[in-house]
Amino acid sequence: MSNQTNNNSQLLATHVQTEQVGSSLSTSLSHLQFGSLIELFNGTAEGMFVIDQHGNFEFVNPVAAQLLGDSQQALIGKSILDFLYNTDRDKYMYTLLNWLEIKDTHLNFGPNEVKITKSDDSIIEADLSISSMPNSIASAQKLYLCILHDISSHKAMYNKLKIQASTDHLTGLANRLTLDESLEKYWADSIQSKQALSCILIDVDHFKKFNDTYGHIKGDKCLQKIAKVILDCIPSRDCLAARYGGEEFAVILPRCNRESANVVAKHIQQQINAMTFTDIGLPPGVKISVSQGIACENNNQYRTYEALICAADTALYRAKSDGRNKIIVRA
């Protein structure tokens, strides 16, 4: 553990290494009560441990010991603060310090999401709650029952589902839902800050013919290559590249005027025109192009973000009707 961790722990108290698991508990209860309580805690499927008023372990059940990465006996006398990560440690240390002054009141804190640094320095994410134990149990000193629940797998699944819900599965760009939600936020920011907001709609020229000639699997790979080009061409991480539909894409450019958006569109056009498909098994002469429509919100030109999209779509339609492989900026 780091020196800072040890220093923080010393603000509460000096470690007292205990030889007997649950020493304060055992002095407060009869032998029968103590045995029953330990049996209950040990048989619980959640991580449970008891700390004293300084944060030191008085008892640790097997599940909690496994989560903390050490044996039950080895943990006795150590501080829970040594296992908490950064701001979590400061938050719980502050709570314990303040609880020292509170008497005859049942206290609860949490559950809160925390990061636990295990004995082997690996990190897990968990829910941690602390509750004061009744005076009938903790008569010798203040004791607190803690429940530790590992949420690492749930967090990983949540993050995976969150990405799946916001991302187009084929191209890896933002999906239509994320585009709509993000555009609404970009729009509000643009109106409030009085800064420009540009939208580029991009349509792959003659994509049906590409699919009919080379097959849908090659067509999917073509869309993936185009998506990568678009993502590489956006000027900053504040911008958004999304799959708008079938072979259509959208790029949202906050704080970009028409001229800046046109520069981005030209870069996209040049890079896509230069693409080859030999890496997916097609002849060197196979080429693809895109048509693009640009609209820019500036000085309340459009009333809604939907109107901005419609303006870009109108410009895109004109680019396609004028012969494709063109960029049209809506005046």
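Student: Which residue in S2 is the bridge partner of Phe-49?

Tutor: This is a predicted model: local features need pLDDT of at least 70, side-chain atom pairs count only at pLDDT 80 or more, and totals for chains, interfaces and linings use all residues. Residues are numbered from 1 along each chain as its sequence is written, and side-chain values use heavy atoms, without hydrogens and water. Strand S1 (residues 47–52) and S2 run antiparallel, joined by three bridges. In S2, the bridge partner of Phe-49 is Val-60.

Student: How many helices and strands are in the chain?

Tutor: Both are DSSP runs, numbered from the N terminus: helices are H or I, at least four residues, and strands are E, at least two. The chain has 12 helices and 10 strands.

Student: What is the order of the open sheet of five strands?

Tutor: Two strands pair if DSSP finds at least two bridges between them. Here the pairing is antiparallel, and the order is S2-S1-S5-S4-S3.

Student: Which are its edge strands?

Tutor: An edge strand here pairs on one side only. That leaves strand S2 (57–60) and strand S3 (108–117).

Student: Why is strand S6 described as largely enclosed?

Tutor: Buried means under 20% relative accessible area; exposed is over 50%, and partly exposed is in between (1.4 Å probe, protein chains only). One side of S6 has Leu-197, Cys-199, Leu-201 and Asp-203, the other has Ser-198, Ile-200, Ile-202 and Val-204, and all are buried. S6 (residues 197–204) is largely enclosed by the rest of the structure because its buried residues number eight of the eight.

Student: How many disulfides does the count come to?

Tutor: A disulfide is a pair of cysteine sulfur atoms within 2.5 Å. By this rule the count is zero.

Student: Which cysteine sulfur is nearest to that of Cys-199?

Tutor: Cys-199 is in no disulfide. Its relative accessibility is 0%, so Cys-199 counts as buried. The nearest cysteine sulfur is 10.0 Å away, that of Cys-310.

Student: How far is the sulfur of Cys-239 from the closest cysteine sulfur?

Tutor: Cys-239 counts as buried, at 8% relative accessibility. The closest cysteine sulfur is in Cys-256, too far for a bond. The distance is 5.4 Å.
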